[in-house]
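Reader: I am new to this structure and would like to learn how its features are read. Please take me through some of them in turn.

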Amino acid sequence: MDEDVLTTLKILIIGESGVGKSSLLLRFTDDTFDPELAATIGVDFKVKTISVDGNKAKLAIWDTAGQERFRTLTPSYYRGAQGVILVYDVTRRDTFAKLDNWLNELETYCTRNDIVKMLVGNKIDKENREVDRNEGLKFARKHSMLFIEASAKTCDGVQCAFEELVEKIIQTPGLWESESQNRGVKLTNKEEGYAGSACGGYCSML
């Protein structure tokens, strides 16, 4: 069944507790939304296969608890990941202010220098916004991250966030091929030097 899958990618979802990490994951994998979703205890894990630019990729998506007491699992959680989705809540400035802490943790434990990062401002369906879209965009550009605002509740931007992340991973030479070499998979027409370019504030959904 997996014969036409180009590669399996490890994707992480990180961010403060309550920003909607699990809701984004559930919306993407099962297309459901539960407003009463309980806080994640430890790590949740889902698999979904998607097609991007004609290439099928199987995503192993790891959703982690944002609470401090579960930080003991950190090193193994980050090991070998090719992509990370960093989530904040646009209605809670404190979750935006703590993004630097999460980036520091990512740099400390991540085993790849060229990991692809996507910043997601979640809960844009709510009225009481505290973080402006341009602030998110500026932060993403500063740290060479992709950026999108989304709502797990209304589905806005969710699919796009995962697809753009996977597309960038597939276009980044050396990030995923090592896992696939034993299957003889090779992509042609790869863009040279693509990996070094910062995201130009791509994937904005208005």
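**Reading the model**

Author: Y109 is found in helix α4, residues 99–109; helices (H or I, at least four residues) and strands (E, at least two) are DSSP runs, numbered from the N terminus. The model is predicted, so local features need pLDDT of at least 70 and side-chain atom pairs count only at pLDDT 80 or more, while totals for chains, interfaces and linings use all residues. Residues are numbered from 1 along each chain as its sequence is written, and side-chain values use heavy atoms, with hydrogens and water left out.

Reader: Does Y109 count as buried, partly exposed or exposed, and which residues is Y109 in contact with?

Author: Buried means under 20% relative accessible area, exposed over 50%, and partly exposed in between (1.4 Å probe, protein chains only). Y109 has 33% relative accessibility and therefore counts as partly exposed. Contact means heavy atoms within 4.5 Å. Leaving aside neighbours within four places in sequence, Y109 is in contact with T74, P75 and Y78. The C-alpha atoms of Y109 and S76 are separated by 8.4 Å, although the two residues are 33 residues apart along the chain.

Reader: What is the secondary structure of the protein?

Author: The protein has 7 helices and 6 strands, and along the sequence they follow the pattern β-α-β-β-α-β-α-α-β-α-β-α-α. Buried residues make up 50% of its 206 residues. Among contacts between residues at least 6 apart in sequence, 75% join residues at least 24 apart.

Reader: How many residues does helix α6 have, and how far apart are its end C-alpha atoms?

Author: The expected span of a helix is 1.5 Å times one less than its number of residues. The 13 residues of α6 (residues 158–170) should therefore span 18 Å, and the end C-alpha atoms are 19 Å apart, which agrees. Among the buried residues of α6 are V158, F162 and L165.

Reader: At what angle do the axes of α1 and α6 cross?

Author: Axes are lines fitted to C-alpha atoms, for helices over the stretch in contact, and angles run from 0 to 180 degrees between N-to-C directions. The axes of α1 and α6 come within 9 Å and cross at roughly 85°. That makes α1 roughly perpendicular to α6, a term for angles of 65 to 115 degrees; those under 35 count as roughly parallel, over 145 as roughly antiparallel and the rest as oblique. The contact is made by L24, R27 and F28 of α1 together with V158, Q159 and F162 of α6.

Reader: Where is T95, and what does its side chain reach?

Author: T95 lies in helix α3 and is buried, with a relative accessible area of 0%. Its side chain reaches the backbone nitrogen of D89 at 3.0 Å and the backbone oxygen of R92 at 2.7 Å. Not counting residues up to four places away in sequence, T95 touches E16, V19, Y88 and D89.

Note on methods:
A polar contact is a pair of N or O atoms within 3.5 Å; within protein, one must be able to donate a hydrogen and the other to accept it, and residues adjacent in sequence count only if both atoms are side-chain atoms.
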